[in-house]
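Open the model in your viewer and get ready to click. Each stop tells you what to select and what is there.

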Number of protein chains: 2
Amino acid sequence: MSKDKAFVTEITPQGEDFSRWYIDVIKKAELMDYSPVRGCIVFRPDGYELWENIQRQLDQRFKDTGHRNAYFPLFIPESFFQKEKEHVEGFNPELPFVTEAGGEPLEEKLAIRPTSETMFGHMYAKWINSYRDLPLLINQWANVVRWEKRTLPFLRTSEFLWQEGHTAHEDEADARRETMQMLDVYTEFAENVLAIPVIRGQKTPSEKFAGAVDTYSIEAMMKDGRAVQAGTSHYLGTNFAVAFDIKYLSRENTQEYCHTTSWGVSTRLIGALIMVHGDDRGLVMPPKVAPTQVIMIPIGPPKTREQVIAKTDELFAQLKAAGVRVRVDDRSDVSPGWKFNEYEMRGIPVRLELGPRDLENGVCVLVSRVTGEKKQVPLDNLVEEVQAMLDEVHRQMYERALQFREEHFFSVETLDELKTSLEEKRGFALAGWCGSDACEKQVKDETGATSRNIPFEPAETKTKCLVCGDDSKHTVVFARAY
Amino acid sequence: MSKDKAFVTEITPQGEDFSRWYIDVIKKAELMDYSPVRGCIVFRPDGYELWENIQRQLDQRFKDTGHRNAYFPLFIPESFFQKEKEHVEGFNPELPFVTEAGGEPLEEKLAIRPTSETMFGHMYAKWINSYRDLPLLINQWANVVRWEKRTLPFLRTSEFLWQEGHTAHEDEADARRETMQMLDVYTEFAENVLAIPVIRGQKTPSEKFAGAVDTYSIEAMMKDGRAVQAGTSHYLGTNFAVAFDIKYLSRENTQEYCHTTSWGVSTRLIGALIMVHGDDRGLVMPPKVAPTQVIMIPIGPPKTREQVIAKTDELFAQLKAAGVRVRVDDRSDVSPGWKFNEYEMRGIPVRLELGPRDLENGVCVLVSRVTGEKKQVPLDNLVEEVQAMLDEVHRQMYERALQFREEHFFSVETLDELKTSLEEKRGFALAGWCGSDACEKQVKDETGATSRNIPFEPAETKTKCLVCGDDSKHTVVFARAY
């Protein structure tokens, strides 16, 4: 068996076992490794750089919409969680507690933050005095911990990295405007940066954030038909303002409670982009977050090697100067074929091949990771050609993901039809729902699917509940989810 | 008493009580606030943005020297600390432990990381197989926790933010080269970005990092004559490699232990830059990290207001487009005098004043926060003038800090002379030291000063130990330290 063949067979095909494919590919591409702490992973450099690229581009969007970053403590006193009733019920089962420090027991146990509404609430109450202090628009990049029973690298880990925006407003209208604005930011980011089409909508009451009035989400479809909640934005009403006494002097000289919001995305986006775009050859990285966007591979016989490498280095410098994240693999002890497989597995969006004949003709070959399409391009216009190819790869990825979702998006009338869609066709299903917790629970118990959200723009409007057959209150997307 | 006067008197003068000055100014300028968790602060947006600016510029230097970022778990199993004897002795008294999670006691207590040599060690042992995997050059940006008895915002807090570089090498020479390279990076950064002159040198054995063979530091002088250790770089020898079994197959086909290094700077740099540069009017921000570099204040009577503001907005756009971090304060309900005080207190490096007469003459006035110097500059060359002024402010700050340090740097022969230098003159003292722990301890017990480092380039070489009078082994910088 040739080396190249051995290489490819190390990744389990998606169709055989999607979960194994996922673990194979993230381990082999060195995105992560398991740590010795239960449910915690190590983000290796190529995995962490995905997060750095996500972070930088999201952060710019947050700043462009008037937010500033701050940093709040990792520890939250146990008593803080008691102040908002739904919040404590939602998070208590997942909290790790520090009970001793410096060799002595603590007077009050300290939770490791699972989210920071309570700490922000406490500080906002100190900082906000009058309507002139509003809106207060702060974001935090931080690690958070939720002691999960079942974990999966990137998608559900005990410790993860995220951003959490927390804002305070004069009234409901302004807070709701913020909630929607941030959902828009997440949508635009998912589609234009990660090449992931998402379904925007509102969570049902049983699926909303613990302590929120309304939760909105963007939901993405993985290649096994399961859903990943890729971002959430919450209108918290005055729930946390009442719990933490966040009041302000209004324009009418009265004391009023603030209306607050929170919104977040996390390192689970890394898991999502892998499961949306990857294929049997390995990862496929969205160009705008790929740690390496272009891999350059000089080819040809030893006698022309020096000349080809010299030109490769020159082109490398041009691309790098233009801001392209580019690498060269000019090792001579590894075959070009092996390298092609290696960088396809790592999901590098564009491969650039340069051989002696290309050199003579003043051209090189660009290869798309998505379609395998090869394009001969002139060297004297290389930067533009590479940038165009990266844009094209992004477009191809988005289109392919959207097409996949459309092919796996079903309309169902009954619970049995839902089961069939989930089992045989693997995907999302649009169904009517009467609005009762009981029917929603029955769906979950019998199919393992949860309501993902009530989409803002459903493909059609359903009239009957898929469980009880009563009049439908909402048209809902159901799916099994990570 | 006028509003302006009331304003200024809210800050305790440095000469009256330096510690109170420090707390007054960081609270008033809204860099931080105390949190409800002992020893933990909230980094408010202007404080956090200092860190973001430090982070971005340091990160570029790390990447330029071949390092990549990664992220390792917050939790470290208790048993990991036992593996390196000195390390556990150094850190055990400061560790907080998670003992329960998800409502159940943990099988093994988990420490919150105070530093991550042990976790990196564990993973490096898995990842490193052969000399081809070396050097391995990874940095991490993270929060760490040390349960300190006495805390001071930014300078010593229970939780703080930092970066920790961890590298593994084939041999001592390469690891020592890395150790020195990173000390050079820190030095260049402190001087060229933070405008802080530093003393480079080696720590004495009693002051080195727990588990290191050699520790090197950069030490800065605060305006009260105390020292802040502004960065450290450690050569760890094979101590952690032996403890965690980090071995590699050498070029000679033998199994060898790696030589490792670690190096870090933290949010204490924020405290340092405030204490080095601030004055009785408040903060003085180094231009290269200042959240706002230029504050624009339109002035003049109401009738010309609209015209002046229109021009201000136009100039604002020009400066912003050129990458200057600029803000406008065009409020009409606050006097220019009040604004001048306010932004001086906040330490904004350059103030730009624009009035109706300036407008007619096509000029504006730039004012340096350091010297108060005013400079009339032509509007059609504003970007260059502003950038030149920012460079000039940086230079002025560095020169002023260097001059202060030289005026407070003493040469002493005896313990009594050291006491006088510390008590009456407040500063650093250069002295001979025989190399014994006993003499070093006596200095600390009698004067409160510790050996800061053994400087690479002492102003003079001492021949006698300041305590016992025996032959000096090292010429050492002593100072009281934060």
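Select B:Glu314. With a relative accessibility of 40%, this residue counts as partly exposed. The classes work like this: buried is under 20% relative accessible area, exposed is over 50%, and partly exposed lies in between (1.4 Å probe, protein chains only). B:Lys311 and B:Glu314 form a salt bridge, with their closest N and O atoms 3.2 Å apart. The term means a side-chain nitrogen of Lys or Arg within 4 Å of a carboxyl oxygen of Asp or Glu. Both residues sit in helix H10 (residues 302-321) of chain B; they are 3 residues apart, so about one helical turn separates them. Helices (H or I, at least four residues) and strands (E, at least two) are DSSP runs, numbered from the N terminus.

A word on what you are viewing. This is a predicted model, where local features need pLDDT of at least 70 and side-chain atom pairs count only at pLDDT 80 or more, while totals for chains, interfaces and linings use all residues. Residues are numbered from 1 along each chain as its sequence is written, chains are lettered from A and ligands numbered from 1 in the order in which they are written, and side-chain values use heavy atoms, with hydrogens and water left out.

**Next stop: helix H13 of chain B**

Select B:Arg395 and B:Glu392. Both lie in helix H13 (residues 382-407), 3 residues apart, about one turn of the helix. B:Arg395 is partly exposed at 43%. B:Glu392 is partly exposed at 27%.

**Next stop: where the chains meet**

Show chain A and chain B together. How many residues does each chain bring to the contact? Chain A gives 53 and chain B gives 53. Contact means heavy atoms within 4.5 Å. The buried area is about 4400 Å², and carbon and sulfur atoms give 61% of it. Buried area is the accessible area (1.4 Å probe) that two parts lose on being put together, summed over both.

Now find the charged pairs. There are 10 salt bridges between chain A and chain B. One joins B:Glu49 to A:Arg68, at 2.6 Å from N to O. On the side of chain A that touches chain B, helix H3 (residues 45-64) of chain A supplies the largest share, 7 residues.

Select B:Glu52 and A:Lys63. Their salt bridge has its closest N and O atoms 3.0 Å apart. B:Glu52 lies in helix H3 of chain B and A:Lys63 in helix H3 of chain A, so this pair joins two chains. Buried or partly exposed: which is B:Glu52? B:Glu52 is buried, at 14%. A:Lys63 is partly exposed, at 35%.

Strand E5 of chain A and strand E5 of chain B pair in the antiparallel sense over 5 bridges. Two strands pair if DSSP finds at least two bridges between them. Look for A:Val98, which stands opposite B:Val98.

**Last stop: A:Asp279**

Select A:Asp279, in the loop between helix H9 (268-277) and strand E15 (294-298) of chain A. A:Asp279 is buried, at 11%. The side chain of A:Asp279 reaches the backbone nitrogen of A:Arg281 at 2.9 Å. Leaving aside neighbours within four places in sequence, A:Asp279 has contacts including A:Trp21 and A:Arg400. To finish, select A:Asp279, A:Arg281, A:Glu344, A:Arg351, A:Glu353, A:Arg369 and A:Lys374: salt bridges link them in a network.

Terms used. Polar contact = N/O pair within 3.5 Å; in protein donor to acceptor, adjacent residues only side chain to side chain.
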